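Please keep the structure in view while reading.

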Amino acid sequence: MTRKSDSSLTDDLLRPVFETSTKFYVTAAVLAVIVAAGFGTWFYQIYWGMGVTGDNWPVFWGLHETNFVFWIGISHAGTLISAILRIVNATWRRPVTRCAEVITAFALMIGAMFPLVHLGRPWLAWWLIPYPSERLLWPNYRSPLVWDFFAINTYLLSSLLFLALPAIPDFALIRDRTTGWRNWLYGKLSLGWQGTPRQWHRLESAMHMMALAIIPIAISVHTIVSFDFSMAVVPMWHSTIFGPYFVVGAIFSGIAALNIVMAIVRRMLHLEKYLQPIHFRNLGKLMLAMSLLWGYFVFNERLVTWYGNTPHEMAALWSTQLGRYSPMFWTMIFCNFILPFPLLTIRKLRSITATVIASCGVVIGMWLERFLIIVPSLSYKGTSYSWGTYLPRWPEIVIFGASFAAMALLYLLFSKFIPIISIWEMKVGEHSNIKVAAQVQESEAAGELV
Amino acid sequence: MTSMYGLFSTPELAQQAVDGLRAAGVPEGEITIQSSEPMEEYEFGSRDRETLMPWNAVLGGAIGMAAGYFLTSVTQKSWPMVTGGMPIVTNWTNLIIIFELTMLGAVFASVITLLYSARLPGRLPKFYDAEISNGKILVGVASPREMEKVEHALRASSGGVRKLELLS
């Protein structure tokens, strides 16, 4: 076994941490300005009240809730996919896992901000936290919003630990290659990691145990987000398939986001050697499977509603099929189903660019899906005298745009301080490949393979 | 106190060194191995495999489950609040909180077991060489009883043997 490649692999993956280009500062500054604009707009909304948004009777859930569900869905890509790939020991996962786990951590943080943004009086958010209240009231455990609090925080804490633990050996690598404040900082972050067999084994055991726990947690999170809707007797919300429908949609949009992020990271950090076409191809196959499943759920949901023929449900249904919201609905079908299908199935079309185009379509389509679940149902709730419309206003649109900038900024800063690909896991993968190649060579020499 | 270690460029050489040290009569517990990646395909990398982590995770899950049960049902009884005609203790909805806390308990127990059994956080020992981060594997003995035998075993494996003075 040769270990000559170790040094170049480490150098390649640590380069973004040690070298900072002007492009980095410019990009970070632009993104920071957009994020600051988002925060400024939020303060404007707090000062003037929720009246500055498009939320009005009967649609009190608009863009902020759409963004909440959208970002929680995006967060599904990372830790869940990483956990599944770890458990099935998929060797191609190694360069992908950390890229994915970072998406989860930041998308959850951004997603969890939106209920606060929508509260109007965000300083009262702590009423959701279980504590022995002086008001002699405990938070209502029957409320889906309290379930959200527990589910999102469980997933966030688990995901942060799942991201941080395998980073410890990489922090130790940086510690050993730096001096001054960086040596001090990474020394603290590496917790005195030495790399003894006991430490390696415990780390891998912990990752395995956490992967087993995180899969049901991830599924529960988006199921519980779906309960925010399905527990209410609102047209097209009160549905038993909402749980799995939301989970599939979340994984679908999550994989799409992962593809886009991987393509950007690959280009910007010059990681073409590590994030290879096979990673996009495999994730593309997974995304295709999710597209089919998603299509199945959409058909199922709409067929049952149409067959039931309840007047108020039909009003909401027709508004999306042929009415006011139909352009969005058919764009969603195009983006989530019609566009990815040829790009991901026809062999000649399959490429990184095609996968990224399909992924961009899916991200747009899934955002539209979240909007179409929330707004039309509220627009056509109850009897026709209570029907209404919703149009987002500029504060919601600015905050929506700023959430994307926040995601990009956080990702950019993360990749500056922590290798975006787990170095030690890549080394293990390289050695396994070399070992397999050596075994094949030995078998060929012995005449076992013809 | 004098300690001695060798830095090896391949796991095969590190394995030879470990075998040599054992043959020289160095007790297993006194042999230190450090690397920048897991070496579980090799015998020396498979030491200390026994762990109670799965059981601790189950225990953590059970504690989380109990905490979830008490948090929901006991407090619902203590501060009764009628919501939507549902019973005071709503087991169906409480199951969601109980499930989340069970999983959180299992995750925390795994992390605590990792930190405790891998002795993290800890101070970096003086018996450490930054060359490990360049892919070298360290095999050594802290304060060996028979210095010559240890040096011979490490040199036999073509390692760059280094002597290290450690403060007691």
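Helices and strands are DSSP runs, numbered from the N terminus, where a helix has at least four residues and a strand at least two. With that numbering, Pro58(A) is placed in the loop between α2 and α3 (63–74) of chain A. The model discussed here is predicted.

## Cis peptide bonds

The bond from Trp57(A) to Pro58(A) is a cis peptide bond, with omega near 5°. Chain B has a cis peptide bond between Leu120(B) and Pro121(B), where omega is about -10°. Pro121(B) sits in the loop between α3 and β3 (137–141) of chain B.

## Helix α2 of chain A

Helix α2 of chain A covers residues 22–48, which is 27 residues. From its first C-alpha to its last it reaches 39 Å, close to the 39 Å expected at 1.5 Å a residue. Just after α2(A) comes Gly49(A), with a positive phi of about 95°.

Which residues of α2(A) are buried? They are Leu31(A), Val35(A), Gly38(A), Thr41(A) and Gln45(A). The buried residues of this helix pack against α16 (394–417) of chain A.

## Helices α4 and α5 of chain A

Two packed helices are described by the angle between their axes and the distance between the axes. For α4 (residues 76–87) and α5 (residues 97–119) of chain A, the angle is about 145° and the axes are 6 Å apart.

On the α4(A) side, the residues that meet α5(A) are Ala77(A), Gly78(A), Thr79(A), Ile81(A), Ser82(A) and Leu85(A). Their partners in α5(A) are Thr97(A), Ala100(A), Glu101(A), Val102(A), Ile103(A) and Thr104(A). By class, this contact has six nonpolar, five polar and one charged residues.

Met236(A) is not a glycine, yet has a positive phi of about 70°. Met236(A) lies in the loop between α9 (197–230) and α10 (242–268) of chain A. Asn309(A), also not a glycine, has a positive phi of about 55°, and is found in the loop between α11 (277–308) and α12 (311–321) of chain A.

Is Met236(A) buried or exposed? Met236(A) counts as buried because 26 other C-beta atoms lie within 10 Å, and the cut-off for buried is 20 or more. Asn309(A) is exposed because it has 9 other C-beta atoms within 10 Å.

## Chain B as a whole

Chain B has four helices and four strands, in the order β-α-β-α-α-β-α-β from the N terminus on. Its domain assignment gives domain 1 (2–49 + 126–165) and domain 2 (53–117), and the centres of these two domains of chain B are separated by 46 Å.

The radius of gyration of chain B is 25 Å, whereas a compact globule of 168 residues would have one near 15 Å. Along its principal axes, the C-alpha trace of chain B spans about 80 × 35 × 30 Å. Of the 168 residues in chain B, 41% are buried.

## Thr102 of chain B

Thr102(B) is found in helix α3 of chain B. It is buried because it has 25 C-beta neighbours inside 10 Å. Not counting residues up to four places away in sequence, Thr102(B) touches Gly61(B), Gly64(B), Met65(B) and Gly68(B).

## Contact between the chains

In the contact between the chains, 57 residues of chain B meet 50 residues of chain A. The elements of chain B that give two or more residues to this side are α1 (11–23), β2 (31–34), α2 (53–78) and α3 (91–117). The largest share, 14 residues, comes from α3(B). By class, the chain B side has 28 nonpolar, 21 polar and eight charged residues.

How values were computed:
Residues numbered from 1 in each chain as written. Chains lettered and ligands numbered in written order. Predicted model: local features only at pLDDT ≥ 70, side-chain atom pairs only at ≥ 80, totals over all residues. Expected span 1.5 Å × (residues − 1). Buried ≥ 20, exposed ≤ 12 C-beta atoms within 10 Å, placed from the backbone. Contact = placed C-beta atoms within 7 Å. Nonpolar A, V, L, I, M, F, W, Y, C, P; charged D, E, K, R; others polar. Axes fitted to C-alpha atoms, helices over the stretch in contact; angles between N-to-C directions. Domains from an automatic or database assignment. Rg over C-alpha atoms; globule rule 2.2 N^0.38 Å.
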